[in-house]
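Visitor: Please bring up the model. I have some questions about it.

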Amino acid sequence: MTTTALRSVLLAGGGTAGHVSPLLALADCLRRRDPSIAVTALGTAAGLEARLVPERGYPLLEVPKVPFPRRPSGDLLRLPGNLRRAIAAAEDAIASTGAQVVVGFGGYVSSPAYLAARRRGVPVVVHEQNARPGLANRLGARFAHGVGVTFPGTALRNATVTGMPLRHEIATLDRALHRAEARERFGLTDAPTVLVTGGSLGAQRLNDAFGAAAADLSAAGIQVLHVTGTGKSFTPTGIGGTPYVVLEYCDRMDLAYAAADLVVARSGANTVCELTAVGLPAVYVPLPIGNGEQRLNARSVIAAGGGVLVEDAAVDAAWVRSTVVPLAGDRGRLDTMAAAAASVGERGGDELLADLVVAAAGGR
């Protein structure tokens, strides 16, 4: 499908990498199709988008953050005024960019963007990353021209399964080809490698468990690349064998995936989709809070045999020693899991979502 009808698009999303990563993946896809398309992001000053969007070369227009309280509080009393200001800022962004389509990825930014677009008669496209949709996307889907979902069975009206828009470097990653480069970059050897990551914000449970078992992993010949989250770094002790590399943030997750044989991670939608796309076996540890979406996100890859699910409360140093160490050393099982993970992966989510955006711009 051509992009001739599309000249300007406004992408709304932010807060965490789970919203920002697919936003940037779609932006890059649209620009690959037609470099003349004006792509602008809408976000807050406090979210991860404030850094990542300008770094990627796209302009960012700001809207006030509008939290939706789930219980009576001062935020509930301030909600109408905060929402009015955010909608007005989103309308200004639509007007100043001449956006023909507003694409929302959920979160605080998307609700005012959807409502502003509806006021101005601009088509809306929604992308829902999780198996269980959030409040903002349930709102936007009611009047959207197109709705893309990551997982089959997501309960949104007129949804099309697009998968997750992934960064091009991950969607096209050949892990075997880049393995030597990746391990050299991170100071790793040829030993079995476990990547531990709690996402952009980190996961303290994983950090504590693996930090306490660092010496045991090293002694067992298992090396670790551990992405802790900003401000959560630690220095592993008792390392006498294989390396244990700690990073607060990794800006080359494609190479982190190329270096890894096994991943231990939260089951955020973006993480699950990246790991299945590149065919990495994983141990998924869903967040114990929220509406249960992380458990649902991992459902299809667990059913296929490409991952295992472990409750957050079960994760401690003893579990790392008894479960992760033998799994990381079992090459045959890891190869079987890798093939199963790849069987449910989708590498073309950015293109499929871009098709919905182009169709909306053309009035289809």
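This is a predicted model: local features need pLDDT of at least 70, side-chain atom pairs count only at pLDDT 80 or more; totals for chains, interfaces and linings use all residues.

Visitor: How are helix α8 and helix α14 oriented to each other?

Guide: Helices here are DSSP runs of H or I, at least four residues, numbered from the N terminus. The axes of α8 (residues 204–212) and α14 (residues 317–328) come within 7 Å and cross at roughly 70°. Angles of 65 to 115 degrees count as roughly perpendicular. Therefore α8 is, relative to α14, roughly perpendicular.

Visitor: How do the residues of the contact of α8 with α14 divide by class?

Guide: Contact means heavy atoms within 4.5 Å. On α8 the contact residues are Ala-209, Phe-210 and Ala-212; on α14 they are Ala-317, Trp-319, Val-320, Arg-321 and Val-324. Ala, Val, Leu, Ile, Met, Phe, Trp, Tyr, Cys and Pro count as nonpolar, Asp, Glu, Lys and Arg as charged, and the others, Gly among them, as polar. The division is seven nonpolar, no polar and one charged.

Visitor: Is Asn-158 buried or exposed?

Guide: Asn-158 is found in the loop between β6 (146–149) and β7 (159–161), strands being DSSP runs of E, at least two residues. Its phi is near 55°, a positive value in a residue other than glycine. Buried means under 20% relative accessible area, exposed over 50%, partly exposed in between (1.4 Å probe, protein chains only). At 66% relative accessibility, Asn-158 therefore counts as exposed.

Terms used
Residues are numbered from 1 along each chain as its sequence is written. Side-chain values use heavy atoms; hydrogens and water are left out. Axes are lines fitted to C-alpha atoms, for helices over the stretch in contact, and angles run from 0 to 180 degrees between N-to-C directions. Angles under 35 degrees count as roughly parallel, over 145 as roughly antiparallel, 65 to 115 as roughly perpendicular and the rest as oblique.
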